Amino acid sequence: MKTDRTAAGTGIQRKKEVLQRRIRRGSVTLEAVFLVPLAVFISVLLILLCFYEHNKSWYTSAALEVALVGTAREEPGTDREGQAAFRAQDRIREQPFPGGDPSCQVQMEKNSCRVSYVSAGETFFHWSLPYRAEGKIRQTDPVGQVRAVWLKEKIWDSVR
């Protein structure tokens, strides 16, 4: 009889162990059901954030480049504002990463050019991430600045 009780006891023990193993396997499966989609979601968000930041820096660089074109020395018969606007649209077409095309404004002032790209929003999975990238460059006159420094030095030397 002792052997029967021992045999029955080991059978119950074995069933408990099998049940515990199944529960552990099930808990791993349950954890994976939550963690794997969360990890994929976070990875996708990081990739989209990289696209957003790339586009924003791309258009900031483009705005500065276009402003530089707009402040170039004017030759007779050239339209600086037209050249800058053409280059701004050209930079929009050259953008390699996904995202919506922003609107572009070129404002010419007396000695400077301001270019701004405004995006209504990068739409990724119905999320909108708007941005604004600006560049302003003032036209310099190096010859005039050197002459001004030279004149100040000349006046200063005569006063001493």
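These legends describe close-up views of one predicted model.

Local features need pLDDT of at least 70 and side-chain atom pairs count only at pLDDT 80 or more, while totals for chains, interfaces and linings use all residues. Residues are numbered from 1 along each chain as its sequence is written, and side-chain values use heavy atoms, with hydrogens and water left out.

**View 1. The whole chain, by secondary structure.** The chain holds 3 helices and 3 strands. Their order along the sequence is α-α-β-β-β-α. Helices (H or I, at least four residues) and strands (E, at least two) are DSSP runs, numbered from the N terminus. Of the 160 residues, 21% are buried. Buried means under 20% relative accessible area, exposed means over 50%, and partly exposed lies in between (1.4 Å probe, protein chains only). The accessible surface comes to about 12,100 Å². Carbon and sulfur atoms account for 62% of that surface. Areas come from the Shrake-Rupley method with a 1.4 Å probe; for residues, only the protein chains shown count as cover. Among contacts between residues at least 6 apart in sequence, 57% join residues at least 24 apart. Contact here means heavy atoms within 4.5 Å.

**View 2. A nonpolar patch on the surface.** The patch is formed by L30, V33, F34, L35, L38, F41, I42, L45, L46 and L49. Together these residues have about 960 Å² of accessible area. One of them, L46, sits in helix α1 (residues 2-70). Patch residues have over 30% relative accessible area and no salt bridge; nonpolar side chains (Val, Leu, Ile, Met, Phe, Trp, Tyr) are joined within 5 Å, like charges within 9 Å.

**View 3. The largest nonpolar core.** This core has 16 residues. Those with the most contacts inside it are Y59, V66, A88, V106, C113, V115 and Y117. Four elements, α1, α2 (80-94), β2 (112-124) and β3 (127-138), each supply at least two core residues. The largest share, 7 residues, comes from α1. A nonpolar core is a set of buried Ala, Val, Leu, Ile, Met, Phe, Trp, Tyr and Cys residues joined through side-chain atoms within 4.5 Å.

**View 4. The surroundings of V106.** Neighbours within four places in sequence are left aside. V106 is then in contact with V66, E81, A84, A85, A88, C113, R114 and V115.

View 5. D90 is found in helix α2. D90 counts as buried, because its relative accessible area is 18%. Its side chain makes a polar contact with the side chain of R87 (2.7 Å). A polar contact is a pair of N or O atoms within 3.5 Å; within protein, one must be able to donate a hydrogen and the other to accept it, and residues adjacent in sequence count only if both atoms are side-chain atoms. R87 and D90 also form a salt bridge, with the closest N and O atoms 2.7 Å apart. A salt bridge is a side-chain nitrogen of Lys or Arg within 4 Å of a carboxyl oxygen of Asp or Glu. Both residues lie in α2, 3 residues apart, about one turn of the helix.

View 6. The structure holds 9 salt bridges. E94 and R87 meet in one of them (3.6 Å, N to O). E94 is partly exposed, at 36% relative accessibility. R93 bridges to D90, the closest N and O atoms being 3.5 Å apart. R93 and D90 are 3 residues apart in α2, about one turn of the helix. R93 is exposed, at 55% relative accessibility. Salt bridges that share partners join E65, R87, D90, R91, R93 and E94 into one network.
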